[in-house]
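Thanks for coming, everyone. Let me put the model on the screen, and then I will walk you through it.

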Amino acid sequence: MLKLIQLEIRKNKLAGMLKGVAIANLAIFAFMLLLTYVDSEGSGSGEFKTYAEMFSGLYVLVKATFVVFASVVLSKLVIDEYKNNTITLLFMYPISRKKLLGAKIIIVFLFTLISIFVTDVLISALLIGLNSFTHAIPGQLDLAVIPGEMIRIGADAAYAAGIGLIPLYIGMRKKSVPATIVTAVLLVSVSASDFGNFQPGNLVGFSIFLSLLGVAIAYLSIRNIEQKDIA
């Protein structure tokens, strides 16, 4: 399986997507700086009054960005293959169809998980370091909260990696790249929406449900692939 994953990464030139990840990181960092330092309500400070608020805002933004990014990778690795019917040629290789499709899905899952984890840690560190000089967010960061935040980042990354697989269902049915990406955007819109003081994306149970739904969709997509007509 590891060999298949390596071959898929090379074949689809996924290493080139690291540039897209870097651009996304810069955009997220710039937006977080805007929220942290620009006064939008005349209160004399930015949107965040505590480190907890800053972390929460960052995690939501990063999750939303990379769930959509995952749909782009999913489209490149899977949906395009079905749309252009090149999957037929791929399935002619003397390798299990389940392993081939499973390798593609694992790549998407790991890409999303690692991207979110690294981005959260990197941008959090940059914002904390910058705030130690500017004091835009009052107070000192209690170092005792860092282990808990690392656990939260890891959990969020895992949830989002599962959620990023949900667009596979629509994409496989429609054989459409736009439909795959639009599905991801709709998921992000619902998760990040703020209904008064209620935000679905902050509910652990809601995130776990969507994550398990994504994993189930991935499993069902490959379960009967050996017998399924791909035309």
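A word on the ground rules. This is a predicted model, so local features need pLDDT of at least 70, side-chain atom pairs count only at pLDDT 80 or more, and totals for chains, interfaces and linings use all residues. Residues are numbered from 1 along each chain as its sequence is written, and side-chain values use heavy atoms, with hydrogens and water left out.

Overall fold. The protein chain has nine helices and zero strands. Helices here are DSSP runs of H or I, at least four residues long, strands are E runs of at least two, and numbering starts at the N terminus. Along the sequence the pattern reads α-α-α-α-α-α-α-α-α. Of the 231 residues, 43% are buried. Buried means under 20% relative accessible area, exposed means over 50%, and partly exposed is in between, with a 1.4 Å probe and protein chains only.

Now contacts, meaning heavy atoms within 4.5 Å. Take those between residues at least 6 apart in sequence: 81% of them join residues at least 24 apart. The accessible surface comes to about 12000 Å², and 70% of that belongs to carbon and sulfur atoms. Those areas come from the Shrake-Rupley method with a 1.4 Å probe; for residues, only the protein chains shown count as cover.

Next, the core. The largest nonpolar core has 56 residues. Such a core is a set of buried Ala, Val, Leu, Ile, Met, Phe, Trp, Tyr and Cys residues joined through side-chain atoms within 4.5 Å. Which residues have the most contacts inside it? They are Met54, Phe66, Val78 and Leu168. Elements that give two or more residues to this core include H1 (2–11), H2 (17–37), H5 (97–134) and H9 (204–223). H3 (51–83) gives the largest share, 17 residues.

Look at Leu168. Beyond its neighbours within four places in sequence, Leu168 contacts Leu74, Val78, Ile79, Ile105, Ile217, Ala218 and Ser221.

On to H3 itself. Its 33 residues should span 48 Å at 1.5 Å a residue, and its end C-alpha atoms are 45 Å apart, which agrees. The expected span is 1.5 Å times one less than the number of residues. Where does H3 bend? At Ser75, by about 50°. That bend is the angle between axes fitted to the seven residues ending there and the seven starting there. After H3 comes Asn85, with a positive phi near 65°.

Rings next. The structure holds four aromatic pairs. Rings of Phe, Tyr and Trp (its six-membered ring) pair if their centres lie within 6.5 Å; planes under 30 degrees apart count as stacked, over 60 as edge-to-face, and the rest as tilted. Phe66 and Phe69 are stacked, 5.8 Å centre to centre with 15° between the planes. Both lie in H3, three residues apart, about one turn of the helix. An α-helix has 3.6 residues a turn, so residues three or four places apart point the same way.

Phe66 counts as buried, at 0% relative accessibility. Phe69 is buried too, at 14%. Phe69 also pairs with Phe111: the centres are 5.3 Å apart and the planes sit at 55°, so that pair is tilted. Phe69 is in H3 and Phe111 in H5, so the pair ties together parts that are 42 residues apart in sequence. Phe111 is buried at 16%. Elsewhere, ring pairs link Tyr51, Phe55 and Tyr59 into a cluster.

Now Val177, in H8. Buried or exposed? Buried, at 17% relative accessibility. Val177 touches Ser75, Ile79 and Asp80, not counting residues up to four places away. Val177 and Lys83 are 94 residues apart in sequence, yet 8.3 Å apart in space, C-alpha to C-alpha.

Compare Ile170, in H7. At 28%, Ile170 counts as partly exposed. Ile170 touches Lys175, Ala179 and Thr183, again leaving out residues up to four places away.

Lys175 sits in the loop between H7 and H8. Its phi is positive, about 50°, although it is not a glycine. Lys175 is partly exposed, at 28%.

Last, His135, in the loop between H5 and H6. His135 is not a glycine either, and its phi is positive, about 60°. At 47%, His135 counts as partly exposed.

That is the tour. Over to you.
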